[in-house]
Amino acid sequence: MKGLKSTAQAKYDLRYHFVFIPRYRKRVLIGNLAKRIEGMIRFAAQIHEWEVFELAIQKDHVHLYLGAKPKWSPSLIMNTIKGGTSKKIRELFPELEEVYWKATFWADGYLVKSVGEMTDKVISQYVKKQR
């Protein structure tokens with residue numbers, strides 16, 4: 001199969017599309033703040049060996065399309081990104097204190113969709129043929 005990566009025990013191609021928002025869905029992801037967030041996400045990806053395919057920061061939400069090794073569950077990826085950036089954002093941008101008081105920067109929760117080249121129909125047909 002083309003495009004597969006390997007670990008000692010697995011062949012894989014795991015890709016995820018995440019969408020997450022700042023607390024209260026405030027439209028604050030602009031200018032230097034957006035640039036810093038992008039830099040922090042790309043730095044985390046480099047350290048953890050994630051592959052960022054696309055990253056788009058809108059005023060009130062972030063789209064992140066990335067690939068990761070099997071040891072990285074979607075929840076662990078989000079915990080690492082949101083937890084790692086929240087404190088740093090609040091340190092670098094103290095003016096956000098008016099809006100966010102003592103709360104975290106990011107809202108609870110996120111959307112994640114697995115992304116692949118095959119559709120449900122193709123996979124279902126393949127599995128049926130294995131009987």
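**Salt bridges in the model**

A: Glutamate 38 has a relative accessible area of 31% and is therefore partly exposed, a class that lies between buried (under 20% relative accessible area) and exposed (over 50%), found with a 1.4 Å probe and protein chains only. This is a predicted model, in which local features need pLDDT of at least 70 and side-chain atom pairs count only at pLDDT 80 or more, while totals for chains, interfaces and linings use all residues. Residues are numbered from 1 along each chain as its sequence is written, and side-chain values use heavy atoms, with hydrogens and water left out. The protein chain averages a pLDDT of 92, and 98% of its residues score at least 70, where pLDDT is the predictor's confidence in each residue, from 0 to 100.

The partner of glutamate 38 is arginine 42, and their side chains meet in a salt bridge with an N to O distance of 3.0 Å; the term stands for a side-chain nitrogen of Lys or Arg within 4 Å of a carboxyl oxygen of Asp or Glu. Because arginine 42 and glutamate 38 are 4 residues apart in helix H1, about one helical turn separates them. Helices (H or I, at least four residues) and strands (E, at least two) are DSSP runs, numbered from the N terminus. Arginine 42 is also partly exposed, at 37% relative accessibility. Helix H1 (residues 31–48) has the highest mean pLDDT among the elements of the protein chain, 98.

By the same rule, the count comes to 9 salt bridges. One of them joins aspartate 60 to arginine 27, with the closest N and O atoms 3.8 Å apart. This pair links distant parts of the chain, since aspartate 60 lies in the loop between strand S4 (51–57) and S5 while arginine 27 lies in the loop between S3 and H1, 33 residues apart. Aspartate 60 is buried, with a relative accessible area of 12%, whereas arginine 27, at 56%, is exposed.

Another pair is lysine 88 and glutamate 91, whose closest N and O atoms are 3.7 Å apart. Lysine 88, with a relative accessible area of 38%, is partly exposed, and glutamate 91 is partly exposed too, at 48%. Both residues belong to helix H2, where they are 3 residues apart, about one turn of the helix. Elsewhere, salt bridges that share partners join Arg25, Arg27 and Asp60 into one network.
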